[in-house]
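Q: I have a new model open and want to learn how to read it. Can we go through a few features together?

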Number of protein chains: 2
Amino acid sequence: MENRKQSILRAVVHEFTTSAVPVGSQALQSRYFVNLSSATIRSELAELTDRGYLTQPHTSAGRVPTDSGYRYFVDFLMDLEPIPDRVKSFIDDAMRAAPADVQGMVERVAMTLASVTQNASVASAPQGSLARVKHLDLVSLEPKEILLILLLEGNLLRQQVVNTTEAASQAQLTKLTARLNSALSGRSSDEARRHYEQAPLGLEKELLGRVIAVLDLYEKGSESLVVHDGVRNLLRQPEFAESSRLTQVLEVLEETRYLTVLLRQLIGQSDLQIVIGSENASSQLQGCAVVLTTYGPSERLKGVLGVIGPTRMAYSQTVARLQAVARGASDRMAELGA
Amino acid sequence: MENRKQSILRAVVHEFTTSAVPVGSQALQSRYFVNLSSATIRSELAELTDRGYLTQPHTSAGRVPTDSGYRYFVDFLMDLEPIPDRVKSFIDDAMRAAPADVQGMVERVAMTLASVTQNASVASAPQGSLARVKHLDLVSLEPKEILLILLLEGNLLRQQVVNTTEAASQAQLTKLTARLNSALSGRSSDEARRHYEQAPLGLEKELLGRVIAVLDLYEKGSESLVVHDGVRNLLRQPEFAESSRLTQVLEVLEETRYLTVLLRQLIGQSDLQIVIGSENASSQLQGCAVVLTTYGPSERLKGVLGVIGPTRMAYSQTVARLQAVARGASDRMAELGA
DNA sequence: TTTGGCACTCTCGGACGGAGAGTGCTGAAC
DNA sequence: GTTCAGCACTCTCCGTCCGAGAGTGCCAAA
């Protein structure tokens, strides 16, 4: 695209994202292109409109970027906005003070992200394709009831109540714990499964089975933890002034099932994904943009981190801050975890 | 209050909660009091308005209950609405399928409550005034880094990374684990503290200190887990049509700090608490009502469960269903927990 | 190719007015 | 003394109208 058209498109996006008001030729002229006349800008705008990058709410209104307009902007025109120092240190502080457990960490990450981007955020707990058991513990609740505690890679705790066929004392359990620990710790579910097959019938096999079940659930992600935060930030945007639009978004956010699927679909090859308006598979997110990246303590353990806001979003700022939070969280988790 | 006035107040509340439209004398006459003339009803309404139970949005509009009107209704006129069988079994199913860990359980409870009351819900994890350690485990991460896993009463897991001054092997830790377990399990924080004071300097004392710190945090509730769900249900109500009202509510719900304080304040003597509109300490909840009860696996371990909606709420239905969910959750937790 | 000029279009906000809903009051009936 | 029909009154709601203002597209000249 011609250079000047690009500049004008960039200016329209910038102006509209900050003011939320359709931008006219005069506004552009006085604020961005003092050496051009508004008439010239008008003809450029008309051209950009013909090509599908801009649209007008009505005949005599200013221009608004279309989804394709935003798309062109993020693909070719956007440069990352530098992050102010106080935002940087805010992120650092938040991560440093984050709780050590995955649950708490994920919540903190979502909170921080929502706060620095002033939009809604989502975060899923890091998951590995091959979950490994780091440690395991058995606690006797009742004679035939055992609490199985599993510490997975990334310091993720899982617990499950197991009703066994045989009774066992805590002393027996302690011995069993030691045996299972040396057999399983550091091993993946495949290796655990081999162990399971060779084990003789009895309590040990029973418990091994449960361990494998937990690992499977975890790997399939059906147990996945997804949190969201910052819906209140969306309410400040004029596009959510009447609540009908928000309803749609909230349905996606609060229905964790949807969200899980959405995140899994979206996080494909690229490490930064921007989905704008109608590009969204889910029709509920019309008018919204989703910016996603991954994070986690290691290459094998990755979760998804995302920002959801109106398509009229400060993309360059959002992307920069999203990546900063992802980096901060990853570092912190690496430090605590694996 | 005279019997007929009560009936009329009840009718106004009922009509308004279902229709959301100010209710006039004619509507009451045709739907509730066929043997009375609308003029008679009008004079009764005028009386109820004088006494402060009703109000008019404007001179020639129908009546709307005031906060005192709702208060009178819930105190004297409300009778619990029976719960349909399918709702009952919905609750039972949800509780049966709930995960065994506290985190998951609390989330499930909030979700269920939001769903059956069609309002927003909050739930806090059960907490005891005296937390007891049920089991403890130490896992070596690095030579001088230990992951401390605490299983508290109610099967609540806590984890914390401890950086120690001395290095320790996993074998040493295993021994230490056994010693600490026999010393601490079933003991409250007071007893743990006695232990701590008598312990000689060293790793054991260091760890005991951390255990106590975790217990303290837990008892003070500053670590407390509070979740919410069902905000999308509020959006269906006309009082949240423009989003400004919702902003307030979301600020309370998403700022867990506020919520924690709110719940702690509110759950006083009674096991069922209804706070209507201006009775709310927090001015953010003007126009909203909060219905609260407690739940938990035992007498000593109680969490708070609440419904938040517009003051124009189906109180009798809400209370009945809230109590049903609380009962279901308590039973299930008792079964799993203590 | 750019630009000033100009007619045109559309929204926005305020004013106006009629329809409708609901009220309070009054005087008569029971 | 309670109930009720009748009636005037009040206020909202909604549609219409109109002028101001913003922005456009087009055209002819530089």
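Q: At what angle do the axes of helix 5 and helix 6 of chain A cross?
A: This is a predicted model. The axes of helix 5 (residues 85-96) and helix 6 (residues 102-117) of chain A come within 10 Å and cross at roughly 165 degrees. Angles over 145 degrees count as roughly antiparallel, so helix 5 of chain A is roughly antiparallel to helix 6 of chain A. Their crossing is right-handed.

Q: Which residues make the contact between these two helices of chain A?
A: Helix 5 of chain A brings A:Val87, A:Phe90, A:Ile91 and A:Ala94. Helix 6 of chain A brings A:Arg108, A:Thr112 and A:Val116. By class, that is 5 nonpolar, 1 polar and 1 charged.

Q: Is B:Val211 buried or exposed?
A: Count the neighbours. A residue is buried if 20 or more other C-beta atoms lie within 10 Å of its own. B:Val211 has 24, so B:Val211 is buried. B:Val211 lies in helix 9 (residues 203-220) of chain B.

Q: What does B:Val211 touch, beyond residues up to four places away in sequence?
A: B:Val133, B:Leu136, B:Leu150, B:Leu184 and B:Ala192. Sequence distance is another thing to check. B:Ile149 is 62 residues from B:Val211 in sequence, and their C-alpha atoms are 9.3 Å apart in space.

Q: How many residues does each chain give to the contact between chains A and B?
A: The size of an interface is often given as the accessible area lost when the parts come together. Here we count residues instead: 29 from chain A and 29 from chain B. Helix 11 of chain A gives the most to the chain A side, with 6 residues. That side divides into 14 nonpolar, 7 polar and 8 charged residues.

Key: Residues numbered from 1 in each chain as written. Chains lettered and ligands numbered in written order. Predicted model: local features only at pLDDT ≥ 70, side-chain atom pairs only at ≥ 80, totals over all residues. Contact = placed C-beta atoms within 7 Å. Helix = DSSP H or I, 4+ residues; strand = E, 2+ residues; numbered from the N terminus. Nonpolar A, V, L, I, M, F, W, Y, C, P; charged D, E, K, R; others polar. Buried ≥ 20, exposed ≤ 12 C-beta atoms within 10 Å, placed from the backbone. Axes fitted to C-alpha atoms, helices over the stretch in contact; angles between N-to-C directions. Parallel < 35°, antiparallel > 145°, perpendicular 65-115°, else oblique. Left-handed = near helix turned anticlockwise from the far one by under 90°.
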